[in-house]
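This report is a first tour of one protein chain. Look over the sequence and the structure, then read on.

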Amino acid sequence: RRLLLLGAADGRLALRQRAGLHVPDRRATPGLLPFLLARRRRGLVLTVAAHGRAGLARARRLGATAVILSPVFPTRSHPGAPALGPLRWASLAARAGGRAVVALGGITPGNAARLPRRTAGLAAIGGLSGSSTGRRTQAFTAG
């Protein structure tokens, strides 16, 4: 299945687990510097969450492997939060500096085809898993 384990928001924990690291947008990540120093030597993956230009700039500065750009569509997990929409999402994804950009947010089997071809993958909290709450399962499909 070629699954990849990512630790979220704790660089030292990710290193102890020999996992990649996912850096949230708009909040600090303890242990980020030790992770960054070790990642190339160990071949570890770094993903960065982005909700706009600032998050994409951070991903470029950190040399991220991939960016999780969201929300594409309105979501059940964040009701009322503004969505980017597929066109704005594509415009922002083009600013990722050649990094893989994964779409997250409100993705369902019915709207996934509206995403641009440059989408490297889909991430979902419930929308692709059949979860009724939208809070239980996370799935990732590489494109």
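## A buried glycine

Gly-11 is buried, because its relative accessibility is 0% and the cut-off for buried is under 20%. The model behind this value is a predicted one. Gly-11 sits in helix H1. Which residues does Gly-11 contact, leaving aside its neighbours within four places in sequence? They are Leu-21, Thr-29, Pro-30, Gly-31, Leu-32 and Phe-35. Take Leu-32 from that list. Gly-11 and Leu-32 are 21 residues apart in sequence, yet their C-alpha atoms are 4.8 Å apart in space.

## The chain as a whole

Now step back. The chain has 4 helices and 7 strands. Along the sequence they follow the pattern β-α-β-α-β-α-β-α-β-β-β. The chain holds 143 residues, and 45% of them are buried. Consider the contacts with a separation of 6 or more: 41% of these join residues 24 or more positions apart. The chain exposes about 8,500 Å². Carbon and sulfur atoms supply 53% of that area.

## Backbone exceptions

Most residues other than glycine have a negative phi, and most peptide bonds are trans.

Start with Ala-9. Its phi is near 65°, a positive value in a residue other than glycine. Ala-9 lies in the loop between strand E1 (6–8) and helix H1 (11–16).

Arg-18 also has a positive phi, near 55°, and is not a glycine. Arg-18 is in the loop between H1 and strand E2 (20–23).

Are these two residues buried or exposed? Ala-9 is buried, because its relative accessible area is 11%. Arg-18 counts as exposed, because its relative accessibility is 74%.

The bond from Ser-70 to Pro-71 is cis, with omega near -10°. Ser-70 is found in the loop between strand E4 (66–69) and helix H4 (85–93). Pro-71 lies in that loop between E4 and H4 too. Ser-70 is buried, because its relative accessible area is 7%. What does Ser-70 touch, leaving aside its neighbours within four places in sequence? Its contacts are Ala-50, His-51, Leu-84 and Leu-104.

Here are the accessibility values of the residues discussed one by one, including one arginine from the next section.

| Residue | Relative accessible area | Class |
|---|---|---|
| Gly-11 | 0% | buried |
| Ser-70 | 7% | buried |
| Ala-9 | 11% | buried |
| Arg-61 | 63% | exposed |
| Arg-18 | 74% | exposed |

## A positive patch

Which helix gives the largest share of the patch? Helix H3, residues 53–62, supplies 3 residues. Arg-61 is found in H3. Arg-61 counts as exposed, because its relative accessibility is 63% and the cut-off for exposed is over 50%.

## The buried side of H4

Helix H4 has buried residues as well. They are Gly-85, Pro-86, Trp-89, Ala-90, Leu-92 and Ala-93. In an α-helix, residues three or four places apart point the same way, because each turn takes 3.6 residues. What do the buried residues of H4 pack against? Their partners are H3, E4 and strand E5 (100–104).

Technical notes: Residues numbered from 1 in each chain as written. Predicted model: local features only at pLDDT ≥ 70, side-chain atom pairs only at ≥ 80, totals over all residues. Heavy atoms only, no water. Helix = DSSP H or I, 4+ residues; strand = E, 2+ residues; numbered from the N terminus. Buried < 20%, exposed > 50% of the residue type's maximum accessible area, 1.4 Å probe, protein only. Contact = heavy atoms within 4.5 Å. Areas by Shrake-Rupley, 256 points an atom, 1.4 Å probe, with all protein chains shown as cover.
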